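Please study the sequence and the structure before reading on.

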Amino acid sequence: QVQLVESGGGLVQPGGSMSLSCAASGNILSIIDMGWYRQVPGKQRELVALSPSSSGPKYADAVKGRFTISRDSVQKMVYLHMNSLKPEDTAVYYCKADVTTTSYFRRDFWGQGTQVTVSS
């Protein structure tokens, strides 16, 4: 129905940079917001950054000043640019989109996740 496909991720050294991207496709009427979450084993998934359609971006305190979210509404894509990465940023990163489908059904859709490992 709706697919989110992430790309990017991998291994980066502390202090390094990395970018993630996510493309939404399928039966999409409108996208209310797109964002990034992350999860480490044994912990709940947490918000990293969110790009609502009707307001400015929101960031978790842990990433403010280091991460930047951007969005291409026409292409239905969202990006996460990560700078000054720390080992504690290591996690599986998930793209999320709050979508109204062409059937007028609204719900959150998730990508499959991409691993980001910050290590020397």
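A disulfide is a pair of cysteine sulfur atoms within 2.5 Å. The structure treated here is a predicted model.

**Exercise 1. Determine how many disulfides the structure holds, and describe the link.**

Solution. 
Step 1. The structure holds 1 disulfide.
Step 2. The angle about the S-S bond is -80°, and the link of Cys 22 and Cys 95 is left-handed.
Step 3. Both Cys 22 and Cys 95 are buried.

**Exercise 2. State which secondary-structure elements the protein has.**

Solution. 
Step 1. The count gives 0 helices and 11 strands.
Step 2. Along the sequence, the pattern accordingly reads β-β-β-β-β-β-β-β-β-β-β.

**Exercise 3. Locate Val 92 and decide whether this residue is buried, partly exposed or exposed.**

Solution. 
Step 1. Val 92 lies in strand β9, which covers residues 91-101.
Step 2. The relative accessible area of Val 92 is 22%. Buried requires a value under 20%, and exposed a value over 50%. Val 92 is therefore partly exposed.
Step 3. Beyond its neighbours within four places in sequence, Val 92 is in contact with Tyr 37, Arg 38 and Gln 39, as well as with Gly 113, Thr 114 and Gln 115.
Step 4. Gly 9 is 83 residues away from Val 92 in sequence, yet the C-alpha atoms of the two are 8.8 Å apart in space.

**Exercise 4. Compare the radius of gyration of the protein with the value for a compact globule.**

Solution. 
Step 1. For 120 residues, a compact globule would have a radius of gyration near 14 Å.
Step 2. The protein has 14 Å, so the two values agree.
Step 3. The C-alpha trace spans about 45 × 25 × 25 Å along the principal axes.
Step 4. Of the 120 residues, 42% are buried.
Step 5. Among contacts with a separation of 6 or more, 56% come from residues 24 or more positions apart.

**Exercise 5. Describe the surface and the charged side chains of the protein.**

Solution. 
Step 1. The accessible surface amounts to about 6200 Å², and 49% of this area belongs to carbon and sulfur atoms.
Step 2. There are 12 positive and 9 negative side chains.
Step 3. The centres of these two sets lie 2 Å apart.

Terms used:
Residues numbered from 1 in each chain as written. Predicted model: local features only at pLDDT ≥ 70, side-chain atom pairs only at ≥ 80, totals over all residues. Heavy atoms only, no water. Helix = DSSP H or I, 4+ residues; strand = E, 2+ residues; numbered from the N terminus. Rg over C-alpha atoms; globule rule 2.2 N^0.38 Å. Buried < 20%, exposed > 50% of the residue type's maximum accessible area, 1.4 Å probe, protein only. Contact = heavy atoms within 4.5 Å. Areas by Shrake-Rupley, 256 points an atom, 1.4 Å probe, with all protein chains shown as cover. Lys, Arg positive; Asp, Glu negative; His and termini not counted. Charge placed at Lys NZ, Arg CZ, Asp CG, Glu CD.
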